[in-house]
Amino acid sequence: MMKIDNKSISIVIHGGCFEKNAADVANILINYRKTFEESEIIFSISSSDFIDFDLSNEKSVFSFKKNMVSFCHIVNKYADKIAYSYMAQPLPPVFRGAPNCHANHMIESARNGLALASREFVLRTRNDLLFKDRSIVEEYIKLSENYYRKGKYTVFSSPVMISSLYTLNPFAGGRLPFHYSDWFNFGKLVDIRPIWDVPLVTLDFMTYYSTNYYMPVSYTHLRAHETSAH
């Protein structure tokens, strides 16, 4: 039977750190350390409205706002390594009427966090999601042993677990091919690193339909720019 102990797991927790979500993020980090005491925890910051990026480093994070010093103290105490993002910028919405797209913040913070991971297995998760126990690991073992089969098109050395929630069906409401859920991945580090080691999304890509025709089968709510040709 497959066995995965906490010592063999890196946990990459990544996302934005802002005054409005700092308490939730701090509690999530504390609980990951409590549940996965012997695991390696990498805290990867995609953007922030209080972190001093010039003073911060891989071992310690600092704030330029006095009221957020306690948050930094928690990160420094409970995270083994800290990663930062510098290149990502907001992009226009994917869907018409939606908020700006922050795909590059997700890509860069995941990639930078995974680069610091060193254990055989890794849980890559957004910083607004908490697994309160090891049941995800036990479920991974059960699914691997009972359902995983290698085939000629298999590209991973072992299974990679993702969430079915927000994994989009390209033939349903959101026609985005290969859009798997960004909630979490669990599997071997050698398999999950390449998933996020990808180029950042470009403005040309995001605004393609501003100067090109939509496919005839496209849905109105997917058309991000009213000025696009139809």
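This note goes through the sheet, its helices, the nonpolar cores, the aromatic pairs and the cysteines of a predicted model.

1. The sheet as a whole. The model contains an open sheet of 6 strands, arranged in the order E3-E2-E1-E4-E6-E5 and with mixed pairing. Strand E3 (81–84) and strand E5 (161–162) stand at the edges, and because each has a single partner strand, one side of each is left without a neighbour in the sheet.

2. E5 is joined by 2 bridges to strand E6 (residues 184–188), and the two run antiparallel. Within this pairing, Ile162 has Asn185 of E6 as its bridge partner. Helix H5 (residues 189–196) packs on the sheet, where it touches E4 and E6, and its direction makes about 135 degrees with that of E6.

3. Strand E4 and its two partners. E4 pairs with E1 in the parallel sense over 6 bridges, and it pairs with E6 in the antiparallel sense over 5 bridges.

4. Helix H4. This helix (residues 135–147) lies across strand E1 (9–17), strand E4 (121–126), E5 and E6, and it runs at about 60 degrees to E6.

5. The nonpolar cores. The largest nonpolar core has 36 residues, and those with the most contacts inside it are Tyr32, Phe43, Phe71 and Phe186. Two or more residues are given to this core by each of E1, helix H1 (22–35), E2, H2, E3, E4, H4 and E6, and the largest share, 6 residues, comes from H1. Leaving out residues up to four places away in sequence, Tyr32 touches Ile11, Ile13, Ile41, Leu123, Thr125, Leu129, Leu130 and Phe131. There is also a second, separate core of 15 residues, which includes Val12, Ala110, Leu116 and Ile195. As background, nonpolar side chains in soluble globular proteins tend to be buried together.

6. Ser44 is found in strand E2 and is buried, with a relative accessible area of 1%. When its neighbours within four places in sequence are left aside, Ser44 is in contact with Ile13, His14 and Gly15, with Ala83, and with Ser109, Asn112 and Gly113.

7. The model has 10 aromatic pairs, and Phe43, Phe50 and Phe71 form one aromatic cluster. The rings of Phe53 and Tyr86 have their centres 5.9 Å apart and their planes at 70 degrees; since planes over 60 degrees apart count as edge-to-face, this pair is edge-to-face. Phe53 lies in the loop between strand E2 (40–48) and helix H2 (69–78), and Tyr86 in the loop between E3 and helix H3 (103–116), so the pair ties together parts that are 33 residues apart in sequence. Phe53 is partly exposed at 22% relative accessible area, whereas Tyr86, at 53% relative accessibility, counts as exposed.

8. The Tyr166 and Trp183 pair. These two residues form a tilted aromatic pair, 5.6 Å from centre to centre and with 35 degrees between the planes. Tyr166 and Trp183 both lie in the loop between E5 and E6, 17 residues apart. Tyr166 counts as exposed at 57% relative accessibility, while Trp183 is partly exposed, with a relative accessible area of 23%.

9. The cysteines. A disulfide is a covalent bond between the sulfur atoms of two cysteines, and the structure holds 0 disulfides. The cut-off for the two sulfur atoms is within 2.5 Å. For Cys72, the closest cysteine sulfur is that of Cys17 at 8.7 Å, which is too far for a bond. For Cys101, the closest cysteine sulfur is again in Cys17, at 19 Å, and this is likewise too far for a bond. Cys72 counts as buried at 4% relative accessibility, and Cys101 is buried with a relative accessible area of 11%.

Technical notes. Residues numbered from 1 in each chain as written. Predicted model: local features only at pLDDT ≥ 70, side-chain atom pairs only at ≥ 80, totals over all residues. Heavy atoms only, no water. Pairing = 2+ DSSP bridges. Helix = DSSP H or I, 4+ residues; strand = E, 2+ residues; numbered from the N terminus. Contact = heavy atoms within 4.5 Å. Axes fitted to C-alpha atoms, helices over the stretch in contact; angles between N-to-C directions. Phe/Tyr/Trp six-rings, centres within 6.5 Å; stacked < 30°, edge-to-face > 60°. Buried < 20%, exposed > 50% of the residue type's maximum accessible area, 1.4 Å probe, protein only. Core = buried A, V, L, I, M, F, W, Y, C linked by side-chain atoms within 4.5 Å.
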